[in-house]
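Here are my notes on the model you sent.

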Amino acid sequence: MDVNKDFIPDFPGDIYKDDTGKTNFIVTSVDSIANWARSNSLWPLSFGTSCCAIELMSTVSAKYDWSRFGFEVMRASPRQCDLIIVAGTITYKMAPVLKRLYNQMPEPRYVIAMGACAISGGPFFYNSYSVVKGVDNIIPVDVYIPGCPPRPEALIHGMMTLQNKIKNSKAYVIENPKKEENE
Amino acid sequence: MENNNNIPIDDLTEEFVVNIGPQHPSTHGVLRLQATLDGETIKDLLPVLGYIHRGIEKMTESLGYKQSIYLTSRMDYLSAHINNQACSLAIEKGMQIEVPERAKAIRIIMAELQRLTSHELWWGSCAMDLGAVTPFFLAFRDRERILDIFEGNTGNRLTMNYITPGGVMFDVLPNFASSIKELLVKVKEHLKEYEELITGNVIFQHRLKGVGILPRELAISMGCTGPVARASGISCDVRKYHPYDGYDKLDFKEIVIDGCDSWARYKVRMEEMKQSIHIIEQLIHNIPEGEFRAKVKGVIKLPVGEYYQRVETARGELGVYIVSDGGNKPYRMKFRAASFSNLGALKPITVGAKIGDLMASMATIDLVIPDIDR
Amino acid sequence: MTKEELKTYLVQIFPSNKVDETFDFPLMFVDKSELLSVAQKLKDSPETQFDFLFCQTAVDRIPNLEVVYHLSSINFKHDMVLKVVLEDRETPEVPSVYSFWKAAELYEDEIFDMFGIRFSNHPNLRRIMLGDEWPGFPLRKDYKDDINIVSL
């Protein structure tokens, strides 16, 4: 399997549709239960390059405990996690490493860009020759958390935003069927 | 593998190269160590840097002096106050500014509190590298209390920019002294707990004693400073020999141990935490009244020449070398980082040892990688 | 020895080299052909004992390049600065002081990476931070990078 090619799945809801083109209530219930389960047990990858990693460690520890939201274990291997929190500056030398880690994560996978450096290069936007100006030039980002560094409460707010986004997503459900050509 | 032909056992194995990092579960940062291994014994070690090289020295050539101080907090982010202090002292030296007494006392208190937080985090992550997870949570308990004081007085928990040329940015809150007195009582209690938990623990003593021996001549030749050098018998505390900001009027001991191994480096840092508490206690009872900042012009211009200022951060000696051509931007600003020379000592002390010993040595040398790469 | 005593000592022992001072330390200019013999004398002589190299860097003064060494002594706690001026910008080369102070290994790798100055007799000279394929040497004053550097 070529790890560099992006995996584009066929939409799985098609096989469950009925005569009107929509999916029935069993599929919608299964979908919402799956979303609820996924959002309440996201396991992040331990990936911190610079100063924001220290605020990430503060969020892990006992005062701002994040395991009460389901982020129980921080895995070291990307094959076993489904969330990558990019905390810190990404340079041109580190960018291929980040892309390879992202490719190794199994689907469905989510990305949070934490801190000003990951959103747009931050204080290093002008006058720096080796900083990638924003991690969304490399991998697709779901939630942006501003701050330099963002407080632990801000990180928890970002994670709860991601949980809401997952709960409202629709993987198998079709609500507006596409019009066929001969209709 | 069957040894049918009586080949000597060493020729049956072969060496292979393993990359430790740049993404790994320890908390030091993005360092890649290319280790050539024979079984579990390390034959050669090559550090590859540059994964967090942000070009700070080139950036200072296009920013003014006040903006460059903002960047120094992000280099060794665990000693952010002390980095700002180094840059401010270099600028004050060039412009011949006299800092008021109140500002000097506040600067020393903030710097010593910062040293306490840095050593607490070192203690937690050192124990975590060796396998124990509980000390990590215990260390952050104390660290969060000190960060509450920082946040109330300066506005930020990690990258403060509070110490500026001329003094400090704002005055401290009225309950500064009383909140620190309460905090120090708790920290002293917890330090006794830590001594029982890790220092008196047989497993940690066996993991650290006799591991990673750095002889005195090698430490001098490699340019090591800070706790790494003081654990090899070299007396080199910048606060004693080149004092700044009023350290010469305070009474504190310089901790020098002759052990040369990881256990000595561990003990030096634990004793330094107690000395930091002693320094804060001398100052907190009578902070002098007065101004908190001397008057400084809006645009800072240093006279032509070269200036060098050294301070003692939690990791060693930080040097700021400014070459000025009279304009409002520095011609060249170089930061002599403490972890850069300490990294050079990693290879000679781990060649021939096992991977577990490499982790113990790296945990006690206490590297912060953005300080190395700048 | 204090700064003034060190200056008189240096003028006495090395009469053919120019001795000056910066704000904090005495300064001596050295030609690159006699760098190794001067370094040997400064390290071994019992009055100075400069056995600690605490900073080595380079400065781009157009049109010359300068390599700056900051030396210190553990026993006497005095410091001085040595400078080597290079006129050649295309292929600058300086002998390495790795045999006297092992700290020079990483410092010289960094100077090679940022300025392009080669050091002879270095055990393993490599571009330690930017990698081998990076075009140009960033800390020189004539480094142009219009894509990444947005000048204010």
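1. Confidence first. This is a predicted model. Chain A has a mean pLDDT of 83, and 80% of its residues reach 70 or more. Among the elements of chain A, helix H1 (residues 25–39) has the lowest mean pLDDT, at 83. Strand S4 (residues 143–145) of chain A has the highest, at 93.

2. The sheet in chain A. Four strands form an open sheet, in the order S1-S2-S3-S4, and the pairing is parallel. Strand S1 (44–45) and S4 of chain A stand at the edges. Each has a single partner strand, so one side of each is left without a neighbour in the sheet.

3. Strand S2 (residues 83–87) and strand S3 (residues 110–114) of chain A run parallel and are joined by five bridges. Which residue of S3(A) is the bridge partner of Ile85(A)? The partner is Ile112(A). Both Ile85(A) and Ile112(A) return in point 6, among the residues with the most contacts inside the largest nonpolar core.

4. Helices against the sheet. Helix H5 (residues 152–167) of chain A lies across S3 and S4 of chain A. H5(A) runs at about 170 degrees to S4(A). Helix H2 (residues 52–60) of chain A is mostly covered, with eight of its nine residues buried. The buried set includes Cys52(A), Ile54(A), Leu56(A) and Met57(A). Glu55(A), Ser58(A) and Thr59(A) are also among the buried residues of H2(A). What do the buried residues of H2(A) pack against? Their partners are S2, S3 and H5 of chain A, together with H5 of chain B.

5. The contact between chains A and B. Chain A gives 28 residues to this contact and chain B gives 26. On the side of chain B that touches chain A, helix H1 (56–60) and helix H5 (134–154) of chain B each supply at least two residues. The largest share of that side, five residues, comes from H5(B). By class, the side of chain B that touches chain A has 13 nonpolar, eight polar and five charged residues.

6. The core. The largest nonpolar core has 176 residues. Those with the most contacts inside it are Ile85(A), Val86(A), Ile112(A), Ala113(A), Met114(A) and Ala345(B). The largest share of this core, 14 residues, comes from helix H4 (residues 101–129) of chain B. As background, nonpolar side chains tend to be buried together in soluble globular proteins.

7. Leave aside the neighbours of Ala113(A) within four places in sequence. Ala113(A) is then in contact with Val86(A), Ala118(A), Ile119(A), Val135(A), Asp136(A), Val141(A), Tyr144(A) and Ile145(A).

8. A residue of chain B. Gln67(B) sits in helix H2 (residues 65–72) of chain B. Why does Gln67(B) count as partly exposed? Because Gln67(B) has 14 C-beta neighbours inside 10 Å, and the partly exposed class lies between 12 or fewer for exposed and 20 or more for buried. Gln67(B) and Ala363(B) are 296 residues apart in sequence; C-alpha to C-alpha, they are 33 Å apart in space.

9. Chain C. This chain has three helices and seven strands. Along the sequence of chain C the pattern is α-β-β-α-β-β-β-β-α-β. The C-alpha trace of chain C spans about 50 × 35 × 25 Å along its principal axes. Of the 152 residues in chain C, 34% are buried. Among contacts in chain C with a separation of 6 or more, 43% come from residues 24 or more positions apart.

Definitions and conventions
Residues are numbered from 1 along each chain as its sequence is written. Chains are lettered from A and ligands numbered from 1 in the order in which they are written. pLDDT is the predictor's confidence in each residue, from 0 to 100. Two residues are in contact if their C-beta atoms, placed from the backbone, lie within 7 Å. Ala, Val, Leu, Ile, Met, Phe, Trp, Tyr, Cys and Pro count as nonpolar, Asp, Glu, Lys and Arg as charged, and the others, Gly among them, as polar. Two strands pair if DSSP finds at least two bridges between them. Axes are lines fitted to C-alpha atoms, for helices over the stretch in contact, and angles run from 0 to 180 degrees between N-to-C directions. A nonpolar core is a set of buried Ala, Val, Leu, Ile, Met, Phe, Trp, Tyr and Cys residues joined through C-beta atoms within 7 Å.
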